[in-house]
Amino acid sequence: MRARYVLLAVGCLLTTAPQAVAQEAGEACDAVGKLVVGNWAEYEISGIPGQDVSSLRFAVVGEEASEGYWYEFKAATSQGPMIVQLLITGFPFEASDIKSMVVKPGSQPAMKLPAQALAMARQQMGPNPMIDFVEHCADAEFLGSESVTVPAGTFEAWHLESADNLGEAWISSEIPFGIVKGGAKSGEEMVLTGYGTDATSSITETPQEMPMMPGGPGNNRR
């Protein structure tokens, strides 16, 4: 998904800043990695060459005792809406941390991936671009507190910039997932269009078990 590169640009905040300044921004940085059931934030995506995603919505839509949280992202794409739900234990997460996955492309039935398909999906996901953002947010170059206006409103946010001066972000502890605006200096951008604390699952039907394709892993046993 091309929108991943916008998040990657936002995530490249790897410079060093004075420790006192880093502590000032720490509260807002913590918001990025906090999982609270009901939290959601939606972003408009723009400026990506060959763009196929126009918006992304992140949400925490459930919790299972001893299992973790259901983290959902919903994308508006050129092929129609796509919903993906992941059962994870924390945030940020690596592909190997995903315990379960449910997908719903457009109006098709929601499907829960069996173990073999989940293993294949983990391999195809690649690195999580939010890892660097969360881990290095408080160490980024701090450019001050600024008033930022986006479609969701006007916010006082910390302005952070990457060491190579190619990526920047504005973050606030008032916003679920923390990010008000971010992107790359080359033009790719994500801006907050809405947020709240009342998220529920966008998948209303009971997911079906996805059938394995003939010849897939585990289907060649005699």
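**The whole chain.** Begin by selecting everything, and bear in mind that this is a predicted model. The chain has 222 residues, of which 45% are buried. Its accessible surface comes to about 11,000 Å², and carbon and sulfur atoms account for 51% of that area. Among contacts with a separation of 6 or more, 54% join residues 24 or more positions apart.

**Confidence.** Next, colour the chain by pLDDT, the predictor's confidence in each residue. The average is 79, and 74% of the residues score at least 70. Select residues 1-22: the pLDDT here is below 50, although the stretch has 65 contacts in the model beyond near neighbours in sequence. Then select residues 217-222, where pLDDT also stays under 50. For this second stretch the model has seven contacts beyond four places in sequence.

**The sheet.** Switch to a cartoon view, in which four helices and twelve strands can be traced. The twelve strands form an open sheet with mixed pairing, in the order S7-S8-S9-S10-S11-S1-S2-S3-S4-S5-S6-S12. Which strands lie at the edges? They are S7 and strand S12 (208-209), each of which pairs on one side only.

Now select strand S4 (residues 80-88) together with strand S5 (residues 100-105). These two pair in the antiparallel sense over six bridges. Within this pair, Leu-87 has Ser-100 of S5 as its bridge partner.

Display the side chains of Tyr-43, Tyr-71, Leu-86, Ile-88, Met-101 and Val-180. In the largest nonpolar core, which has 43 residues, these six touch the most other members. Strand S2 (residues 53-64) gives the most to this core, with four residues. A second, separate core has ten residues, including Ala-59, Trp-70, Val-102 and Ala-199.

Centre the view on Leu-86. Setting aside residues up to four places away in sequence, Leu-86 touches Tyr-69, Trp-70, Tyr-71, Phe-73, Phe-93, Ile-98, Ser-100, Met-101 and Met-125.

**A residue at the surface.** Finally, select Thr-149, which lies in strand S7 (residues 141-150). Is Thr-149 buried or exposed? Thr-149 is exposed, because its relative accessible area is 58%, and the cut-off for exposed is over 50%. Its side chain makes a polar contact of 2.9 Å with the side chain of Thr-154.

How values were computed: Residues are numbered from 1 along each chain as its sequence is written. This is a predicted model: local features need pLDDT of at least 70, side-chain atom pairs count only at pLDDT 80 or more; totals for chains, interfaces and linings use all residues. Side-chain values use heavy atoms; hydrogens and water are left out. A nonpolar core is a set of buried Ala, Val, Leu, Ile, Met, Phe, Trp, Tyr and Cys residues joined through side-chain atoms within 4.5 Å. Buried means under 20% relative accessible area, exposed over 50%, partly exposed in between (1.4 Å probe, protein chains only). Contact means heavy atoms within 4.5 Å. pLDDT is the predictor's confidence in each residue, from 0 to 100. Accessible areas come from the Shrake-Rupley method with a 1.4 Å probe; for residues, only the protein chains shown count as cover. A polar contact is a pair of N or O atoms within 3.5 Å; within protein, one must be able to donate a hydrogen and the other to accept it, and residues adjacent in sequence count only if both atoms are side-chain atoms. Two strands pair if DSSP finds at least two bridges between them.
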